[in-house]
Amino acid sequence: MTNRERLTPEGFQAPCRVADLTAPIGSLWESWYSHSSTAQRLQMFALVRRQGLLYAHQLPPLNTARSTVVTRLIQGEDATPACFDSLPFTPHDTDLDTCQRLAVARILASPDLSLLQGTAGTGKSRVITEVLRQTRARGWRTLVISSPNGLNQCLQRLDPQQVVCLGGSGPPALLLANQMEVLRLQAIATSQRELDAVRQRIAKLPARDDLIRHADEILLKVARLRTALADTSKQMDSLNTTLASEFASLPATLKLRNTHQTVVSEMAQRAEDIRKRLAAIEAERRARAVLLPTLQAQIDARQKGQWWSLAWWIALIGGDPVAKVQTVTHQQDQADKDLASSREQLQSIADQQAKCPAVLDAQLDSLRQSEVESRKNALVARDAQIRSELADAEKQWSELAFGEDIQAISASGVEQLSRKHSAMEADLSSKRDACDRLLLDLQRGDFLGELILKSALVVGASLDEVPAEAGFDLVVIDEAHRLTDRELSLIATRGKRCALIADADFTLSPGIIPGPNALSHSGPLEKEVPARPTSGTRPHQEKAATRTPAPETEPGFRRLWSRFYVDPRGWPTRWQLSEGRLIARLRPPRPEQAGWLHREPVYDRPDVELRIIAPPEEDPFLSEVAFPEQTSLAEAREFIYREFQTLAVEAGGANAGWRQNGSAIVLDFMPNLSGQERAGCVNTSEVNDGFRAGSVSDEDANDQENPILTLEPGIRERLAPGGSAGWVTACLEFDSSSGWDTEKARHWAATRLGVRACGRATNLVRSYRFTEGLASTLDALLYQDVKSTCVQGLRFVPIPKDTGRAIEGGLLKSDSVVSTSHSPRPRLPRGAGLELDLSDRQHLPEPPRLPSDVLSLLPSEGIVNLSEVEAIIDYLTHILSDPNVTDRMDRKGGVGVVVLTPSSAQATLLRAMIAKTPLSANHAGRMEIATPEGFRHRESLIAIISMNRSHASRAVPFAVEPEHLAEMLTRGAEEVVIFADPGALGRRAAWFGSLEFQSEKDGLREQNLLRRLCACWPEVLPADEPLPRPTRSRETGEKADWGERGASPLQTRSEGSSV
Amino acid sequence: MRLEEPISLPGSRILNGWWYELASRRPRRLWYAHALIHRVEVLVEVAGLSAQEQVYRSVLGILAAYRSSTVNELVERFGLPAGVMTLVLHQLELEGLIIAGSLQPTSDGLQMLTRSDGALRRPQRRTFAFIDAPSPQFVSLTPAASLPFSPPSGWRFDLAAIETAIARPEEWKTRHGFPLDVGRLLRPPSEPTTMDSPRIPVDRAEQAFLVLVEQVSGQVSAHVTKPESWSIGSEVVWSLPDVGALEELASCEEAVWRAAWQLWARLRSLPAAEVDACRLERVAHRLCVHAPASLIDRLRQGKSESLEGKAWLLAGSGRIRAAACLELLPS
């Protein structure tokens, strides 16, 4: 069980394990056979004849291929890698800095192995992305192995069409492994739909006999309808003719005529009646006309009194004749009127009779028109109905006849239809089978993934999903420092060449390995010289520089790094001006040696002073050479080289590399830095950027302003501005015309400088993530193993709060520190006992502090600290209510504030508790809670760290691996806020060795980091004093012994201080 | 053949540590194995299609069924990137399965479709792991669990062990994780030539340091350990349905436990007579020793871990040994 796999308080830690790499990569035999000679093969066949099979150990070793060189290099075997020159390339990402471009060039050019290391935020992912773009442009197939977060960072800028990513989760633009499964499921769904459709069609397909019968019926019906339609059309055309012949006999016509005849008859009758009446009236009128003279006679007789007369007597007897006359007259008048009226009537009738034929004709015409309209409408309706029926029939046909045009079907077309039916049956069956098969294949196989893998130019994979396929042109292994040699070797076999990318090692060793500043430690010889920027320089790099072999136990990447990386800044030579003299510091003495200084003038140059360290019982050595002030740097360097055969090289860059410049072979200490960059960098060379000093590029090589020294025939040292004395070595040039070739030059450099296989390893040392203050603090804390003098960007919030208030910049903001006069501190710092062990729920404090709904969400194992969670929520509420902070977050984009904790249980608790506050709704996009592993490769504006552990009575570990603590500290770009129990922190810092699940080494590393962290806030946390080593290891199971004093220095300090 | 190779054995504290480290797995019994493995790579007949053939056949099937298919339709149907589909079609063209320049299957392509999966047998080199024993037993041990080692002289493997495993019933294969699709072993001819190179079997000697745990469920799972540190991996590298699946895991006889007890006692200079007088009883992971009071007193005076339940011993002489925690009880 490796460190990463050790049993933690939260149960088995998910191991960072590489997927099964051995099985499917290819056959051992086939691999051997393809590389073996005929003689070797025959030899093996002979063995098979005897044994029936071969034993692997009998297979003769083969000529190592390039990939084998990689494997052997990784495995630490003695393989001599080939030399190569970096290739020029046009970067897609024009914002890459020189160092990053150098890294890309080296990865592309390396024939076997290349290494890249960088501290947090130096752009490793960016380099990988550029490498992928370059390899894609070259048509290389590249495999990238990283964590899911790392893959996202590297691949998100690439065209997703050409990227396949296995494992993890990521932005939707990428085709990730789970999306591959989604793809498969989509394909399954599509095929299933298709299959259903085909099955439906098959189900609808009638039986052949039914089809034919039905088709017959439809065809007959269609024929009938078509005939009817033609008839209707014909009727329409002949409507007028038909009507003309039929009209007279139409009932309506007959009825009309009859009616007319009746009317005429009635009129004649009426005329006759009127005539008869006229005759009668005239007869009566004539009779009355006769009566009137008689009556007139009577009236006369009466008036005359002619009584005699008969008339008188008649008038007397018969009544009044006047009245009678009046009556008769009246009657006559009436008769005249009646006569006139009757005559008018008669005339009227006569007129009507005269008009009758015309009226009849008009009525007949009207009737005719009406009949035409009626018939026409009926025909149109009929036509429409027929057409509708025809359409229905044709529709039935089209459903039945597989798209065969009904017009084309002849009477004998049923046979044709039958054939069509058979073909359709076969077609549907075939489709169904194809869909079935595809579905089956999709359901049972992952061939889609395999297929995609085979075709994608860029394949990203997490460690758990390393594809079985070999033959990639380049394998990029990110986070290589986390893998074992075996894992690295196995992954490397996937490709022809391999690039290992790793985080710079945190300098967490507890003083066992001297820190970089040990080399630049100022002794009593001279005044304190400001330390050179040594960011990125690691202890093992120092060892490489001084040609100390790396320990065997070092893991793969670190060992390779120490073998291939040469840090020119680690060379001890320093030039400086001091006390009016130009000093060349060739070898700094150890502090205890500084008292053994002897000064001697050079015999023939008495103005030059040699400073020799001659400690007792040790060999004396030349430490410094002091020149008169007016001595030029060139003269001084030439003097040292001539007199002592020592190269007094003080290089500015963090990377050294070979290149060809015309006829010269150049060992460049600041490769590829342009003159402009150099000019900009020189003035800032003291900043923590090891690549600030300039380099001599090709076009600058002829820059006459830079001094050029001739060390010996054909070897020139070219200087560039930089360093304390004004100049640093830019490069060494070996002139071909003087007999120098590549091999000779490299050998010379290896002998004089220890520069052996440089060009494979690139160190990125310029961090773009942090603000200057935070960068400086973290650099001192994590990488340089020195006490930070000014803590910037790093804050500490003690939990519980009554142990002090938030500290900023190393200054205590409150004087309400716990006073020892009232509560004397224990001999060792004690934690507040705020942590809760979820695996021991029976002993959770009463009354329960954790809300029951939250408790149900928490895992069954793990340590949580509710007090820290509450304090963090308060802090989050505070900062997220500050518009300045939120504006900064919004401007930066991405995650604004991340809460990190080494415990996944604590992370769960944080999420659950924050979900109960308005924070989660109001600031969901700005805030994230994660474990260090979950937030790897990412950054936020502010990082809040919940250290979680707070045990009351014993020292406890804070993380599974100390790197997790370092990773948490490097996630915030502007500010890092640590919430922790100072007592628990201090106690851990005072405890030597491992605790619980930690290995001895990790225990010491964690202790060292926490000691340095504690030293940032001495007012609250125990001071950073030299600690005595325990006399016995905990590995033996014995308790640590605190040496003669019997207690840790922290105890001593706590007793004597008022912290 | 069984080799008398030196065996690396963990000590009592290591065993005790494992027991607590594996506590989350609810162990019932514990074994330690320093197994020598034959990882044999042979040519066998397997049923079914390879992934590539699956793809080809699926695409061909669609092309045959939907004669008017276009590349876009295929892309949509398979959910594949267009580039991938183009690659497949190009490959189909190269293999003469579709007519060049069209999406129509050739007669060969149509013939490929007519074959059924089950009937298809294709040769494939496969690797099988066997525990070195007089009759080697197949183990589905993950490749990462074992490490190559230089075998001693006399390292032999009989291919008949593979044939025996292939001939076993499906139930056995399922229990032991033996692949079901393996049809038969294709041995090399007696006079192999270069044409027979795919048939050459290769046996790679490997060794595995394993901690086997019987869980409450009865399942036996194996974890890798490293003799340098005796740390154990969390991943299960081999599992068996029950202890009966492996002969070596069957219960040790009392004589074996007694021998282990006697050895343990002899190393601690306990009187042989009292040791022999003890009654042994195996209860789960414990070996209960009903010992005379004087023996217990003697151990108590020596502050023996056995009285704290922390003393473990291994029984047997094979490469797989049962472990038990000593529990001393007054007789």
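**Exercise 1.** List the buried residues of α5(A).

*Solution.* Start with the term: buried means under 20% relative accessible area, exposed over 50%, and partly exposed in between, with a 1.4 Å probe and protein chains only. Going along the helix, you get A:Lys124, A:Ser125, A:Val127, A:Ile128, A:Thr129, A:Glu130, A:Val131, A:Leu132, A:Arg133, A:Gln134 and A:Thr135. That's 11 of 15 residues, so α5(A) is mostly covered.

A word on the model: it's predicted, local features need pLDDT of at least 70, side-chain atom pairs count only at pLDDT 80 or more, and totals for chains, interfaces and linings use all residues. Residues are numbered from 1 along each chain as written, chains are lettered from A and ligands numbered from 1 in written order, and side-chain values use heavy atoms, without hydrogens or water.

**Exercise 2.** Find how far α5(A) reaches and what follows it.

*Solution.* Helices (H or I, at least four residues) and strands (E, at least two) are DSSP runs numbered from the N terminus. From first C-alpha to last, α5 (residues 124-138) of chain A reaches 21 Å, close to the expected 21 Å; that expected span is 1.5 Å times one less than the number of residues. Next comes A:Gly139, with a positive phi near 80 degrees.
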